[in-house]
Amino acid sequence: MSEDFRPRRSVLYMPSSNAKALEKAKTLPVDAIIFDLEDAVAPDAKAEAREAAAAAVRSGEYGGRELTIRVNGAGTEWHEADLAAAAAAGPDAVVVPKVGSAAQVRDLADALAAAGAPEHTKLWAMVETPEAIFDARELAAASERLTVLVLGTNDLVKELYAEHVPGRAPILPSLHTVVLAARAAGISVVDGVYNDVKDLDGFLAECEQGRQMGFDGKTLIHPGQVEGANTAFAPSEKAVEDARGILAAWDARTTGVVTYNGRMVENLHVESAQRTLAIHDAIGSLRA
Ligand SMILES: CC(C)(COP(=O)(O)OP(=O)(O)OC[C@H]1O[C@@H](n2cnc3c(N)ncnc32)[C@H](O)[C@@H]1OP(=O)(O)O)[C@@H](O)C(=O)NCCC(=O)NCCSC(=O)C[C@H](O)C(=O)O
Ligand SMILES: [Mg+2]
C-alpha cells in the first residue's frame, strides 16, 4: 500500500463555461481545481466549456495547483468527446462522475490510455450512487491509474431519497464505507460539497466532521469556502507540536513503550506522528 501526501484540502469546482471563475481561480490558494463539464454546465454550453477547460489546463497559469477536468458521465452524449479532449490536454487527473463499479474503473483507465492520456494524468472516480457504495472496496483497488475517490453527496442524497441535514446522519454509513475503501486501497478520498455558500458555520462544522472521519479534504463550490477547508484539513499547530514531541520521546526511549504528556506512545502512534509531519511538510512546500 503506497500513500501519496499531495495535499487535497481544498478542491474547487468551477463551471468551465464561466470565464470569470476560470480567471478568479488563478488567484485562490486552492490545492486542486476541478474544471467542470458536467452538472455546472448547460447542454448548449458543453462544447465551449470543453475547449475552455482544455485551454485552462494547457495555459500554465494555475501555478502548482493540481488541475483536473470533470467529464460528463459514461453513457452521455458528451462523454467520449470530453474524455478525448481531457486526455489530449493532459491534466493531473480526469474526474469521472457516477462511476458504478470496478469494471467501469478498468474501462475508464483503458479508455484514457487509448485516448493517449499521458502517464501523469490520473483517474479520480466520483462515488455518488448506491451501486458505487456497495462496490467501493473493489472499485477503489481496480486500477493503478485511480488515485482519488471523490464523494458526490448531492447525487447520493438524491439517489437514496434521503435529506441533507446537519451532521449528515442519513449518509454517514456511505461516507464511512468510502473512506474505508480508499484507505484499504491506499488512495486519497475527498469529501462532498456544502451547498449553502453563505452558511460558513455549517460549512466549517462539516469540514471538521470530514477531517475527523479521515477525509483528505473537501470539494468546494465557492471561493469563500477555501480558507476554512485549508485550515480544517491541515494539521493544527498543536498536532504538529505533539507529533514532534512524540517522535522525540520515541527516539529517547529505553523500553518498547514510552509516554508523551502522560499518554502512552507505541510504534503505531509514531507512524501517525510521522504521517502528520509529512502532510505538514507537503503543505509547507506547496507555496514555497
Ligand atoms: C454558487 C455560485 C453560482 C455562486 O456564484 P456567484 O453568485 O457569482 O458568487 P459570488 O458573486 O459570491 O462570487 C464572488 C467571486 O467569486 C467568483 N466565483 C464564484 N464561484 C466560483 C468558483 N466556483 N470558482 C472560482 N471563482 C468563483 C465569482 O466569479 C466572483 O468573482 P469576482 O467578481 O471576480 O470577484 C458559484 O459559486 C458557482 O458556480 N459555483 C460552482 C458550482 C459548481 O461547480 N457546481 C458543480 C459542482 S458541485 C457537484 O456537482 C457535486 C457532486 O457531483 C454531487 O453530486 O454532490
Ligand atoms: Mg454529482
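Select E128 first: this residue sits in the loop between β5 (122–127) and α5 (130–134). Helices (H or I, at least four residues) and strands (E, at least two) are DSSP runs, numbered from the N terminus. The model is predicted: local features need pLDDT of at least 70, side-chain atom pairs count only at pLDDT 80 or more, and totals for chains, interfaces and linings use all residues. Residues are numbered from 1 along each chain as its sequence is written, with chains lettered from A and ligands numbered from 1 in the order in which they are written.

Stay on E128. It is buried, with 26 other C-beta atoms within 10 Å. Buried means 20 or more such atoms, exposed 12 or fewer, partly exposed in between, with C-beta atoms placed from the backbone. Beyond four places in sequence, E128 is in contact (C-beta atoms within 7 Å) with P97, K98, L151, G152, D155 and L156.

Now select D155, in helix α7. D155 is partly exposed, with 18 other C-beta atoms within 10 Å. Its contacts beyond four places in sequence are K98, E128 and T129.

Which feature does UniProt place at E128 and D155? The unreviewed entry gives "binding site"; such annotations may be inferred rather than shown by experiment. They span 28 residues in sequence, yet no two of their C-alpha atoms are more than 5.5 Å apart, so they gather at one spot.

Next, show ligand 1. Of the 23 residues around ligand 1 (C-beta within 6 Å, placed from the backbone), Y13, A40, G152, N154 and D155 come nearest. β1 (10–15) gives the most to this shell, with four residues.

Terms used
Contact = placed C-beta atoms within 7 Å.
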